[in-house]
Amino acid sequence: QVQLDESGGGSVQAGGSLRLSCLASGTIFGFNARGWYRQAPGKQRELVASISSGGTTNYADSVKGRFTISGDNAKNTVYLQMNSLKPEDTAVYYCYAFSLNSNRVYWGQGTQVTVSS
């Protein structure tokens, strides 16, 4: 059983920064990709950033240049550094991990990020 625990959400003013963390625990055989989605009220869940097991990163156009995803394999943790936050970044952020071996996507419980103008 895999569990993903997120932390680091909160409320900030526009222009501020937050760092989200996602710790994976349980039976881990290695993930092919990990990352973050977000969902704002009334909107569909969208991919924010991802990182492959080889270190390749991918970002939504709306966050390029402001957000950075990174991973610490020794700690089984993925981070999302969010700078220059905007009110439109307000959403619940969900950590995910994909395993090709089990053909499954695992999800965290979500963490709220609120950016005020």
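Four strands make up an open sheet in the order β1-β3-β8-β7, with antiparallel pairing (strands are DSSP runs of E of at least two residues, numbered from the N terminus, and two of them pair if DSSP finds at least two bridges between them). The model is predicted, so please note that local features need pLDDT of at least 70 and side-chain atom pairs count only at pLDDT 80 or more, while totals for chains, interfaces and linings use all residues. Residues are numbered from 1 along each chain as its sequence is written, and side-chain values use heavy atoms, with hydrogens and water left out.

- Six bridges join β3 (residues 18-26) to β8 in the antiparallel sense, and L18 stands opposite M82 in β8.

**A look at T77**

- T77 is found in strand β8, which covers residues 77-82.
- With a relative accessible area of 8%, T77 is buried (buried means under 20%, exposed over 50%, and partly exposed in between, with a 1.4 Å probe and protein chains only).
- A polar atom of the T77 side chain lies 2.8 Å from the backbone oxygen of K75.
- Leaving aside residues up to four places away in sequence, T77 touches S21, C22, L23, R34, S70, G71 and D72 (contact means heavy atoms within 4.5 Å).

**Salt bridges**

- The count comes to four salt bridges (a side-chain nitrogen of Lys or Arg within 4 Å of a carboxyl oxygen of Asp or Glu).
- R38 forms one of them with E46, where the closest N and O atoms are 2.7 Å apart; R38 is buried at 5% relative accessibility, whereas E46 is partly exposed at 34%.
- R38 also forms a salt bridge with D89, with the closest N and O atoms 3.0 Å apart.
- D89 counts as buried, at 1% relative accessibility.
- D61 and K64 form a salt bridge too, their closest N and O atoms being 3.1 Å apart, and D61 is exposed at 66% relative accessibility.
- Through shared partners, salt bridges join R38, E46, R66 and D89 into one network.

**Aromatic pairs**

- The structure holds four aromatic pairs (rings of Phe, Tyr and Trp, the last by its six-membered ring, pair if their centres lie within 6.5 Å; planes under 30 degrees apart count as stacked, over 60 as edge-to-face and the rest as tilted).
- The Y37 and Y96 rings have centres 5.4 Å apart and planes at 75°, so this pair is edge-to-face.
- Y37 is in strand β4 and Y96 in strand β9, so the pair ties together parts that are 59 residues apart in sequence.
- Y37 is partly exposed at 24% relative accessible area, while Y96 is buried at 9%.
- Y37 and W107 form an edge-to-face pair as well, 5.4 Å centre to centre with 65° between the planes.
- Because Y37 lies in strand β4 and W107 in strand β10 (residues 104-107), this pair ties together parts 70 residues apart in sequence.
- W107 is partly exposed, with a relative accessible area of 38%.
- Ring pairs link Y37, Y96 and W107 into a cluster.

Notes:
A polar contact is a pair of N or O atoms within 3.5 Å; within protein, one must be able to donate a hydrogen and the other to accept it, and residues adjacent in sequence count only if both atoms are side-chain atoms.
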